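Me: I would like to go through the labels attached to this model one at a time. For each, I want the value, the cut-off and the conclusion.

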Amino acid sequence: MTCNFCSEKSRTARKQHLCDGCLQLIHKGEAYLKIAGKWDGDFATAKYHKECRELEAKLNSETSSLPDEYYPLHEMVWEDKSILDNAPQIIVDRFTKKGAA
């Protein structure tokens with residue numbers, strides 16, 4: 001995906017949101033990151049727990065061979081659960097909850 005422009009802002013949730021990284025809830029009052037921008041001509045937004053966004057960006061920078069390849073954290077974990085071996089405990093907990101991705 002080619003980013004035409006994007007913005008990343010820290011917010012406090014006024015209502016529940018779904019984290020695009022782990023697919024778990026961001027609860028009301030919890031800090032989160034909101035990303036908005038235009039990729040490949042389409043406008044999109046995403047919301048993340050801070051830790052999920054940091055790990056997702058780190059893993060993509062370490063593994064992507066093409067600049068427009070970018071994978072969501074939940075897809076990477078689904079493909080290779082060993083990613084969680086070195087992840088912060090809070091992320092491990094989100095992925096090991098009953099019914100998690």
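Reply: Start with the cut-off for burial: a residue is buried if its relative accessible area is under 20%, and exposed if that area is over 50%. The model is a predicted one. Cys52 has 0% relative accessibility, under the 20% limit, and therefore counts as buried.

Me: What makes Arg53 buried or exposed?

Reply: Its relative accessible area is 18%, and the limit for burial is 20%, so Arg53 is buried. Arg53 lies in helix H1. Apart from neighbours within four places in sequence, Arg53 is in contact with Glu8, Leu33, Ile35, Tyr48 and Tyr70.

Me: Why is Tyr70 called partly exposed?

Reply: Its relative accessibility is 36%, which falls between the limits of 20% and 50%, so Tyr70 is partly exposed. Tyr70 is placed in the loop between H1 and H2. Leaving aside neighbours within four places in sequence, its contacts are Arg53, Glu56, Ala57 and Asn60. For Tyr70 and Glu56, the C-alpha to C-alpha distance is 9.0 Å, at a separation of 14 residues in sequence.

Me: How do you know that the buried residues of H1 are on the same side?

Reply: The buried residues of H1 are Cys52, Arg53, Leu55, Glu56, Leu59 and Asn60. They cover an arc of only 170° around the axis, so they are on the same side of H1. An α-helix has 3.6 residues a turn, so residues three or four places apart point the same way. Ser61 and Glu62, on the other side of H1, are exposed.

Me: What span is expected for H1, and what span does the model give?

Reply: H1 covers residues 50-63, which is 14 residues. At 1.5 Å a residue the expected span is 20 Å, and the model gives 20 Å from the first C-alpha to the last, so the two values are close.

Me: What makes the buried residues of H3 a face?

Reply: In H3, the buried residues are Ile91, Val92, Arg94 and Phe95. Their arc, seen down the helix axis, is 160°, so they line one face of H3. These buried residues pack against H1 and H2. Gln89 and Thr96 are exposed, on the face of H3 turned away from the buried side.

Me: Which residues touch the most other members of the largest nonpolar core?

Reply: That core has 21 residues, and Cys52, Leu73, Leu84, Ile91 and Phe95 touch the most other members. At least two core residues come from each of strand S4, strand S5, H1, helix H2 and helix H3. In soluble globular proteins, nonpolar side chains tend to be buried together.

Me: How many disulfides are there, and how do you know?

Reply: The count is 0. A pair of cysteine sulfur atoms has to lie within 2.5 Å to qualify. For Cys19, the nearest cysteine sulfur is that of Cys22, 3.8 Å away, so Cys19 is in no disulfide. Cys52 is in no disulfide either, with the sulfur of Cys22 as its nearest cysteine sulfur at 3.8 Å. Cys19 has a relative accessible area of 1%, under 20%, and so is buried.

Me: Why do S4 and S5 count as paired?

Reply: Pairing requires at least two bridges, and 7 bridges join S4 to S5, so the two strands pair. They run antiparallel. Leu33 has Tyr48, in S5, as its bridge partner. The hairpin of S4 and S5 has 2 residues between the strands, and Asp40 takes a positive phi near 50° there.

Me: What is the phi of Leu23, and where is this residue?

Reply: Leu23 is not a glycine, yet its phi is positive, near 65°. Most residues other than glycine have a negative phi. Leu23 lies in the loop between strand S2 and strand S3. With a relative accessible area of 34%, between 20% and 50%, Leu23 is partly exposed.

Me: What pattern does the protein follow along the sequence?

Reply: The pattern is β-β-β-β-β-α-α-α, with 3 helices and 5 strands in the protein. Buried residues make up 32% of its 101 residues. Among contacts between residues at least 6 apart in sequence, 46% join residues at least 24 apart.

How values were computed
Residues numbered from 1 in each chain as written. Predicted model: local features only at pLDDT ≥ 70, side-chain atom pairs only at ≥ 80, totals over all residues. Heavy atoms only, no water. Helix = DSSP H or I, 4+ residues; strand = E, 2+ residues; numbered from the N terminus. Buried < 20%, exposed > 50% of the residue type's maximum accessible area, 1.4 Å probe, protein only. Arc of directions from axis to C-beta. Core = buried A, V, L, I, M, F, W, Y, C linked by side-chain atoms within 4.5 Å. Contact = heavy atoms within 4.5 Å.
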